[in-house]
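Student: I would like to go through the terms used for this fold and see what each one rests on.
Tutor: Then start from the structure itself.

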Amino acid sequence: MSQQTILVTGGAGHVGSHLVELLVADPNNHVISLDNYFNGSEENHIPGAEYLRGHTKDIETLVPETPDMVYHLGEYARITPSREEPALVYDMNITGTFAVVEYCREHKVKKLVYAASSTRFAVEGNGRHQNPYSFTKSVNVDLINDYGKWYDLPYAICYFYNGFGPRERGDSKYATVVARYEHQYLHGQPLTVVKPGTQKRAFTYVKDLARGIMLTGEKGWGDGYALGAEQSHSVLEIAEAFGGQIEFIEGYPGREESANDTSKAREELGWQTTVDIMDYIQAFVKEHPRN
Ligand SMILES: NC(=O)c1ccc[n+]([C@@H]2O[C@H](COP(=O)([O-])OP(=O)(O)OC[C@H]3O[C@@H](n4cnc5c(N)ncnc54)[C@H](O)[C@@H]3O)[C@@H](O)[C@H]2O)c1
């Protein structure tokens with residue numbers, strides 16, 4: 001089998017690094033990551049992959065070779081802080097993604113695979129109006145679907161629900177919920193729950209997300225591959241699972257829970273989850289007992 005070149009944008013990030021890890025395991029793949037290290041880290045580099053540094057808006061000059069496939073994950077990826085920096089979100093997600101989509105059209109890439117956000121399905125399909133992040137993610141789904149119609153761009157779109165698991169960042173304003181709780185737990189701090197705490201999420205294991213997007217690349221066509229855990233949990237339930245003190249804080253509780261119909265991914269891709277969030281937290285607490 002001849003080698004194929006696969007470009008992963010955001011390959012130094014949380015989900016992207018797990019995707020790169022899966023892809024480099026196949027010796028037929030030459031894997032290139034394009035990341036601007038806004039939220040990614042060299043600590044997430046996987047031996048065997050090639051790492052390019054830069055913004056997706058410069059993809060044309062940064063990636064001169066034509067990849068067979070592009071997995072596009074390299075975007076501003078956090079809901080709450082996106083409300084404070086809409087210009088940055090627009091630049092990274094709208095300007096950057098337009099360049100990626102154009103690049104795929106002009107280079108006749110065999111498939112563009114997009115990591116969309118399940119927030120699109122919240123509020124009866126109006127989740128895009130809840131914050132700048134969700135808005136840009138939803139616009140990009142529209143753009144890619146339209147490029148499919150206008151230019152026969154080959155593409156597949158999958159939707160991530162809240163990822164958790166190794167390489168998650170818990171120490172900055174871009175921290176994800178589970179990683180923040182791990183960080184607070186390890187530092188003996190109370191676990192902060194944004195009021196009311198009843199907001200629910202389908203927390204999904206990061207390696208399952210990575211496998212899901214890879215399967216979407218291998219077998220999927222078109223829109224609608226939702227990759228979410230079957231069971232949702234409230235943020236308060238997650239904090240309580242760690243044990244210890246909980247502090248309720250004011251803040252943006254985020255969207256309503258997004259609808260979670262994963263039947264297309266399960267039936268067409270054979271995708272399923274392998275790690276439950278509650279088992280994961282239990283194992284973490286066992287590994288790090290509090291004195
Ligand atoms: N993690 C989730 O729960 C979740 C849910 C829904 C959708 N997604 C989507 O999945 C993708 C990956 O999310 P993640 O959680 O791994 O986030 P992440 O922030 O860990 O990874 C994104 C990576 O892309 C890089 N990046 C951002 N904008 C870029 C740009 N314009 N050019 C080049 N690199 C850029 C960042 O430095 C980072 O390494 C994102 O597109 C995100 O919107 C994630």
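Tutor: Contact means heavy atoms within 4.5 Å. Axes are lines fitted to C-alpha atoms, for helices over the stretch in contact, and angles run from 0 to 180 degrees between N-to-C directions. Helices (H or I, at least four residues) and strands (E, at least two) are DSSP runs, numbered from the N terminus. With those terms, helix H6 (residues 132–151) lies across E5, E6 and E11, at about 150° to E5. Helix H4 (residues 86–106) lies across E4 and E5, and runs at about 165° to E4.

Student: What kind of model is this, and how are residues numbered?
Tutor: This is a predicted model, in which local features need pLDDT of at least 70 and side-chain atom pairs count only at pLDDT 80 or more, while totals for chains, interfaces and linings use all residues. Residues are numbered from 1 along each chain as its sequence is written, and side-chain values use heavy atoms, with hydrogens and water left out.

Student: How do you know that E5 and E6 pair?
Tutor: Two strands pair if DSSP finds at least two bridges between them. Strand E5 (residues 111–117) and E6 have 6 bridges, in the parallel sense, so they pair by that definition. Leu112 stands opposite Tyr155 in E6.

Student: What joins E6 to E11?
Tutor: Strand E11 (residues 222–227) runs parallel to E6 and is joined to E6 by 4 bridges. Gly222 in E11 is the bridge partner of Ala156.

Student: In what order do the strands of the open sheet come?
Tutor: The order is E3-E2-E1-E4-E5-E6-E11, 7 strands with parallel pairing. Strand E3 (50–53) and E11 are called edge strands because each pairs on one side only. Neighbouring strands of this sheet are turned by 20° against each other on average, direction ignored.

Student: What makes E6 a mostly covered strand?
Tutor: Buried means under 20% relative accessible area, exposed over 50%, and partly exposed in between (1.4 Å probe, protein chains only). In strand E6 (residues 155–160), 6 of its 6 residues are buried, so the strand is called mostly covered. Tyr155, Ile157 and Tyr159 are buried on one side, and Ala156, Cys158 and Phe160 on the other.

Student: Why do the two sides take alternate residues?
Tutor: Side chains in a regular strand alternate between the two faces of the sheet.

Student: Which residues of H7 are buried, and what covers them?
Tutor: In helix H7 (residues 177–186) the buried residues are Val178, Ala179, Tyr181, Glu182, Gln184 and Tyr185. Their cover includes strand E8 (191–194) and helix H11 (277–287).
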